[in-house]
Amino acid sequence: MASPQQSSSFTVTPWIVKGDVDYDKLITQFGVQRIDDALLKHVKKLTGEIHPYLRRNIFFSHMYFDKILDAVEKKQKVYLYTGRAPSGPVHLGHIVPWLFTKWLQDRLNMHLLFQIPDEEKVLFKDNLTTEEAERWTKENILDIIAVGFDPKKTKIFVDTEYAGHMYKHACAVARKTTASTAKALFGFTDSDNVGKYFYSCMQSVPAFLPTVMEKKKTLCLIPCAIDQDVHFRLTRDVAEGIGFPKPATILCRFLPALTAGAKMSASETETLVATTDTPDVVKKKIMKYAFSGGRNNLEEHRKYGGNPDIDIAYQWLTFFEEDDAKLKKVYNDYKSGKLLSGELKMILVDKLNTFLKKHQAAREKAKKNVEKFMLRD
Ligand code: TRP
């Protein structure tokens, strides 16, 4: 598979993210909009606060988010839609957009459709069997529920089961999408299987389901990491031609891999933190692998200070420490040399383990509640 969004130093496609991602460049390459102050003001007007991910530029770009806010202001019903392709355990990078989705659901009182495209990774990975995807589907659903979505306003559905309700609309998208468009958007070649060419049509459908379900044109907002935007470019291109409004997206950066650069890869289990990791494992991984912006030795560190801007433990804290004042203190203390690299890492370990303890308890409880969330065939 060739990569269309490849530049000399980084690559971002829905299936490969590598290198040092230049997010400003992505905004131009993908033709999306930056989230600006006017938009943040509008968010604050409607929600009463600005989520740390917005303040910190973690959710940094969008398409038509402004239209969503206008619709919410006019009290129109708007849906959220996001998804997860099961191929392994959920790790902290996956949780980031979900936490934000939950905040949007709570603050704006929105219904959420959560797609589990259990066919996606089977089509895109040579070594994943259908049975394994089935097993991960069950596991991953527990993590989704554990995030705390409102069972009355959230529907989770699995593609291979719910496909009967989706197929008609997927075909409408497919009919409007040529092989050369798919090649240009996704970098497919003649040796890629035909399932890959069709898959994006399935990922488009949930953006239309709000309109199908409400039986009138209903807007949809998709919170996700920026690598997914290309699917929704395709969706936006065909939507109006087949009778649906264009979906809006709100896009985030990747939680960097522990070893620095790009996003965590599910295939490199050493450099990611899974939601099921024990406190000891979390500590070991952070201590051993988190790329440090500290100096070579204690004396130099005390004298010249560390560099939080390249330090992965600090970067991760910007995703998991909600308190701006605490974060600022860590930043300043590290930069001045007062806080050592190992100490900074321990602050992160404690933060993550507190988060995971709650998540793991909620994940256990979720086992009893699965059916409350499922949209079955
Ligand atoms: N393609 C996504 C993945 O690789 C799964 C997905 C399906 C998704 N629909 C989505 C992600 C909507 C974000 C928004 O995991």
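A polar contact here is a pair of N or O atoms within 3.5 Å; within protein, one atom must be able to donate a hydrogen and the other to accept it, and residues adjacent in sequence count only if both atoms are side-chain atoms. With that in hand, here are some notes for you.

1. Ground rules. This is a predicted model, in which local features need pLDDT of at least 70 and side-chain atom pairs count only at pLDDT 80 or more, while totals for chains, interfaces and linings use all residues. Residues are numbered from 1 along each chain as its sequence is written, and side-chain values use heavy atoms, with hydrogens and water left out.

2. The ligand site. The ligand is surrounded by 15 residues, and the closest are Y81, Q115, E120, Q203 and Q228; a residue is near the ligand if one of its heavy atoms lies within 4 Å of it. On the backbone side, an N or O atom of A85 sits 3.0 Å from a ligand oxygen.

3. Helix α12. Helices (H or I, at least four residues) and strands (E, at least two) are DSSP runs, numbered from the N terminus. Of the 11 residues in α12 (residues 229-239), 10 are buried, among them D229, H231, R233 and R236. Buried means under 20% relative accessible area, exposed over 50%, and partly exposed in between (1.4 Å probe, protein chains only).

4. H169. This histidine belongs to helix α8 (residues 159-175) and is buried, because its relative accessibility is 11%. Leaving aside residues up to four places away in sequence, H169 touches V205, F208, V212 and F244, where contact means heavy atoms within 4.5 Å.

5. The α7/α17 pair. Helix α7 (residues 130-146) packs against helix α17 (residues 341-366) at an angle of about 115 degrees, with the axes 8 Å apart. Axes are lines fitted to C-alpha atoms, for helices over the stretch in contact, and angles run from 0 to 180 degrees between N-to-C directions. From α7 come E139, L142, D143, I145 and A146, which meet H359, A362, R363 and A366 of α17. That contact comprises five nonpolar, one polar and three charged residues; Ala, Val, Leu, Ile, Met, Phe, Trp, Tyr, Cys and Pro count as nonpolar, Asp, Glu, Lys and Arg as charged, and the others, Gly among them, as polar.

6. Backbone angles to look at. K75 has a phi near 65 degrees, positive although the residue is not glycine. K75 lies in the loop between α4 (65-73) and β5 (78-83), and is exposed, with a relative accessible area of 74%. N109, also not a glycine, has a positive phi of about 55 degrees and sits in the loop between α5 (92-108) and β6 (111-116).
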